[in-house]
Structures are given as structure tokens and as C-alpha cells.
Amino acid sequence: MLSEKRIRKIIKEEISRNSSSKIDSTDEKSVLNALKSFGADVDNQQEVQKDFHFLRKLRKRAEESGHNAMKTLISVGIGAAIVAIWDGIKSSLK
């Protein structure tokens, strides 16, 4: 015969197992609803993966563009400084 502690332990395990599966199901439904609200075709996993791949590439390209813009601004600034120094040297030699 099972002791009262063992019975309570089994009941707690079953309750936690059932509640966690309900939570998992609720979480899954929430995620699917969120993806659907963004226009993802959740029934076709390959399309969703392609969409996320496209978004990742788009984000990386945007970051790269920002870095390139910064490099361009620095190059223009350095070039302008060199031209100003050269123009000052030329005018001082005349």
C-alpha cells in the first residue's frame, strides 16, 4: 500500500505535468497567433524559415550599410582636412 506522502508526491507530479502541457499548448497557440498577425504562413514551415532568413539578411545588410556610411563620413572628413592643410601650405609659400 502507498503511503500518504507517496500519494501526495504522485498527485503533485501529475498536476505539474498536466499544467505544464497546458501551458506549453497555450504558449504554442500564442506564438502561432503572433506569427499569423505578422502575416506568416504558419502552416508552411519552409516559407516561415525563408521569411526569417530574409529578415536576417536584411538586418545584416542594414548594419553593414551603417558601417559603410560611417567609413565614408570619416574618409570625407580626413580628405577635407588634407585639402585644407595643403591649401594652407600653398598659400603660406606664396
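In this tour, buried means under 20% relative accessible area, exposed means over 50%, and partly exposed lies in between (1.4 Å probe, protein chains only). The model is predicted: local features need pLDDT of at least 70, side-chain atom pairs count only at pLDDT 80 or more, and totals for chains, interfaces and linings use all residues. Residues are numbered from 1 along each chain as its sequence is written, and side-chain values use heavy atoms, with hydrogens and water left out.

**The whole chain**

Along the principal axes, the C-alpha atoms fill a box of roughly 110 × 35 × 20 Å.

Next, display the surface. Of the 94 residues, 4% count as buried. The accessible surface comes to about 8,700 Å², and carbon and sulfur atoms account for 60% of it; such areas come from the Shrake-Rupley method with a 1.4 Å probe, and for residues only the protein chains shown count as cover.

Then colour the charged side chains. The protein has 18 positive and 13 negative charges, whose mean positions are 5 Å apart. Lys and Arg count as positive and Asp and Glu as negative, while His and the chain ends are not counted. Each charge is placed at NZ of Lys, CZ of Arg, CG of Asp or CD of Glu.

**The loop between the helices**

Select asparagine 44, which is found in the loop between α1 (4–37) and α2. Asparagine 44 is partly exposed, with a relative accessible area of 29%. A distance drawn from its C-alpha atom to that of glutamate 63, 19 residues apart along the chain, reads 29 Å.

Side chains of opposite charge can pair when their charged atoms come close. A salt bridge is a side-chain nitrogen of Lys or Arg within 4 Å of a carboxyl oxygen of Asp or Glu, and by this rule the count comes to 2.

Select lysine 50 and glutamate 47, whose side chains meet in a salt bridge (3.8 Å, N to O). The two are 3 residues apart in helix α2 and are therefore separated by about one helical turn. Lysine 50 counts as exposed at 52% relative accessibility, whereas glutamate 47 counts as partly exposed at 34%.

Move to arginine 59 and glutamate 63, which form a salt bridge with their closest N and O atoms 3.3 Å apart. Being 4 residues apart in helix α2, arginine 59 and glutamate 63 are separated by about one helical turn. Arginine 59 is partly exposed at 43% relative accessibility, and glutamate 63 is partly exposed at 41%.

**Further along helix α2**

Alanine 69 is found in helix α2 and is partly exposed at 41% relative accessibility. Its C-alpha atom is separated by 32 Å from that of alanine 40, 29 residues apart along the chain.

Lysine 71 is likewise found in helix α2 and is exposed, with a relative accessible area of 55%. From its C-alpha atom to that of phenylalanine 38, 33 residues apart along the chain, the separation is 35 Å.

**A nonpolar patch**

Which residues make the nonpolar surface patch of about 520 Å²? Select Met70, Leu73, Ile74, Ile78 and Ile82. Patches are made of residues with over 30% relative accessible area and no salt bridge; like charges are joined within 9 Å, and nonpolar side chains (Val, Leu, Ile, Met, Phe, Trp, Tyr) within 5 Å. End at isoleucine 78, found in helix α2 (residues 45–93), which counts as partly exposed at 49% relative accessibility.
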